[in-house]
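Subject: Structure handover

Hello,

Here is the structure for your files. My notes on it follow below.

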Amino acid sequence: MAYLFCSDLCVGYAGKPVVEGISFAVGAGEMLCIVGENGSGKSTLLKTLLGLIPPLSGRLGFGGGMGAQEVGYLPQGDKAQRDFPASVWEVALSGRVSRLGSRPFFSKADRAAAEGALARVGALPLRDEAFATLSGGQQQRVFLARALASEPRLLALDEPTTGLDPESSETLYREIDGLLTEGVGVIAVTHDIAGALPHATQVLLLADGRASFVGGYAHGTGNGGAR
């Protein structure tokens, strides 16, 4: 059962299409990589999938009993985010906001989920550190912990390896592999094609306003599908 699916989707801004003809489904243990040149519509598509902007046409929805609160999001970091005046613990705990519902305060379960997420990515020893003082690789691990704290069934990543050294990038991909084996679905927008391909089950290329699967990766038939 697909966690998220779309059919003949058209995305864009102010009624102007950026990419058309998008159809795919992502389910448990599957990783869709979205690739393309700058300006090809990758981030526009991801924001549409996340419900941040509405689709212009086509069909988009969740399956398998999933809801929007079960989608974790690792945004592309910018300087403002990375200089955010908060502790590592506060950043990780903010990942539980989508689970608060009508509750005004974080519960014991919320705190346990945030602590477990930090431990999972190896950032628990940094819990009391100021987030802005961390290295780029450490900050990305904390951002991932924030996304994992929501206990997602589907994880959306926007350029997850930007600014990371090769060792930090490989650590991130190992963590993604672990999530895939646990049945989490992953959608990743990336320029790091060489690094991402070994982990992908589908690769969607955006070019000239259209979307197409490439490299035999569609439907898990590429290298990534042979995990």
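Which domains does the domain assignment give for the protein chain? There are domain 1 (1-66 + 153-163 + 184-217) and domain 2 (68-152). These bounds come from an automatic or database domain assignment.

Before the rest, some ground rules. This is a predicted model, with residues numbered from 1 along each chain as its sequence is written, and local features need pLDDT of at least 70, side-chain atom pairs count only at pLDDT 80 or more, and totals for chains, interfaces and linings use all residues. Side-chain values use heavy atoms, leaving out hydrogens and water.

Now the interface. The centres of domain 1 and domain 2, taken over C-alpha atoms, are 24 Å apart. In contact (heavy atoms within 4.5 Å) are 17 residues of domain 1 and 15 residues of domain 2. The two domains bury about 1300 Å² between them. Buried area here is the accessible area (1.4 Å probe) that two parts lose on being put together, summed over both. Carbon and sulfur atoms give 57% of that area. On the domain 1 side, Arg153, Leu155 and Asp158 supply 34% of the area buried against domain 2, more than any other three residues.

Next, the salt bridges (a side-chain nitrogen of Lys or Arg within 4 Å of a carboxyl oxygen of Asp or Glu). The count between the domains is 1 salt bridge. Glu70 forms a salt bridge with Arg153, and their closest N and O atoms are 3.6 Å apart.

Strand β6 (residues 154-158; strands are DSSP runs of E, at least two residues) gives the most to the side of domain 1 that touches domain 2, with 5 residues.

Best wishes

Technical notes. Helix = DSSP H or I, 4+ residues; strand = E, 2+ residues; numbered from the N terminus.
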